[in-house]
Amino acid sequence: MTTVTRSQFWHALTGSELTGNDQFRGCIDLNNMSPQLSAAFAEAGVGMEELKALAGPDQIIRGDEFMKLFNVVDRYDVDTKSKNSFRMQTKAAEGEVPQPTLSGKLFEALKAEVNRNLGVARLNPGKEAHKEPLPVLTLGSAQVVPERQRLKPVSLGVPPKDQFEYAEAMNQKAQGNKFCFKTAEAMVNEFNHRQGGSGGTLNGPPEAVQIAYMEDTEGRVVSDALQAQIAQNYIDKCLDAGRPVIAGVSYKDDKYNTDHLTDHFVVIDGRGYDDAGRIFYEFKDPATSSGGRFYVDGDTGKLFKAPEEGAAGWAQNFFEVTQVRTYRESDGA
């Protein structure tokens, strides 16, 4: 391959042609780059701030974010003015040996990095199961925040919406059990519009802040501590800006969402502290049209809802946050 098109670049790094468009397959983790890729970026003069800006809040390049990265790689192609392809080698006069272009060197380094990351469990959510039962989280493990360190409480009051009623209203009654995300999305968009904003545009699953990457047979998850902190910071940022956030949760061992971990979606619309000083995040649940609270596990940073003692039905479920969906940066998120 002497010339790489935009499409070839994307497919080579996401691996989507091999995995049925599973865009979690290929990624570049800016928080843990190899020395080889760091050196390739340094040689080309690509700064970390530019990379962080295109990677989004989680600082991991996945999915459509590779299309933005193509533009970075393509600008070092001095042999063509095309914005949709770059050369791997320089043009050489007769008798001369073509040399790798900076674009070509970056592309090779990126492919090597993607292949390296395929073996990193925390970057490949849902690919492996946790063989041993994980501990049950209770309020006893919830993080207590000293008063002087507490953020201002927020209560946006997003109106609830029932996913079964909404599915019926959208002529999708048969899909009611799986209409939680579309309902959560409608709740968020309608609330943002009522506040006078654009409503915001939600990114796709690959651009979510992915906290969980493994689960046991009960659906309790193993989370990445750094991504858990990034997700909490993102939630705080959005709430302080008056915007609710959609969070994916696990409550059982199932595989039907893109990350193979998320079983349900809720809308986070508040932050506060209970009488014991424990921070919590209020959420609205499309399955019940009512609310609940996520607490923060002091050891892992995982957001969780413990089962309600003496409760019946849906309230018996635990929730552990698997991912936080993000807004497009251009929409002010």
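Which residues have the most contacts inside the largest nonpolar core? In this predicted model, they are Ile235, Ile246, Ile268, Tyr281, Phe294, Val321 and Val324. The core has 40 residues. Two or more residues come from each of H7, helix H8 (225-240), strand E9 (245-250), strand E10 (264-273), strand E11 (279-285), strand E12 (290-296) and strand E14 (319-324). H8 gives the most, with seven residues. Nonpolar side chains tend to be buried together in soluble globular proteins.

Beyond its neighbours within four places in sequence, Ile268 is in contact with Ile235, Leu239, Pro244, Val245, Ala247, Tyr281, Glu282, Phe283 and Phe294.

Glu207 sits in the loop between helix H7 (180-194) and strand E6 (209-210). Glu207 is buried but has no salt bridge. Arg325 is the nearest side chain of opposite charge, 7.2 Å away. With neighbours within four places in sequence left aside, the contacts of Glu207 are Arg62, Gly63, Asp64, Glu65 and Thr326.

Most residues other than glycine have a negative phi. Gln59, not a glycine, has a positive phi of about 60°. Gln59 is placed in the loop between helix H3 (48-55) and strand E3 (60-62). Its relative accessibility is 12%, so Gln59 counts as buried. Ser289 likewise has a positive phi, near 60°. The loop between E11 and E12 holds Ser289. At 28% relative accessibility, Ser289 counts as partly exposed.

Key
Residues are numbered from 1 along each chain as its sequence is written. This is a predicted model: local features need pLDDT of at least 70, side-chain atom pairs count only at pLDDT 80 or more; totals for chains, interfaces and linings use all residues. Side-chain values use heavy atoms; hydrogens and water are left out. Helices (H or I, at least four residues) and strands (E, at least two) are DSSP runs, numbered from the N terminus. Buried means under 20% relative accessible area, exposed over 50%, partly exposed in between (1.4 Å probe, protein chains only). Lys and Arg count as positive and Asp and Glu as negative; His and the chain ends are not counted. A salt bridge is a side-chain nitrogen of Lys or Arg within 4 Å of a carboxyl oxygen of Asp or Glu. Contact means heavy atoms within 4.5 Å. A nonpolar core is a set of buried Ala, Val, Leu, Ile, Met, Phe, Trp, Tyr and Cys residues joined through side-chain atoms within 4.5 Å.
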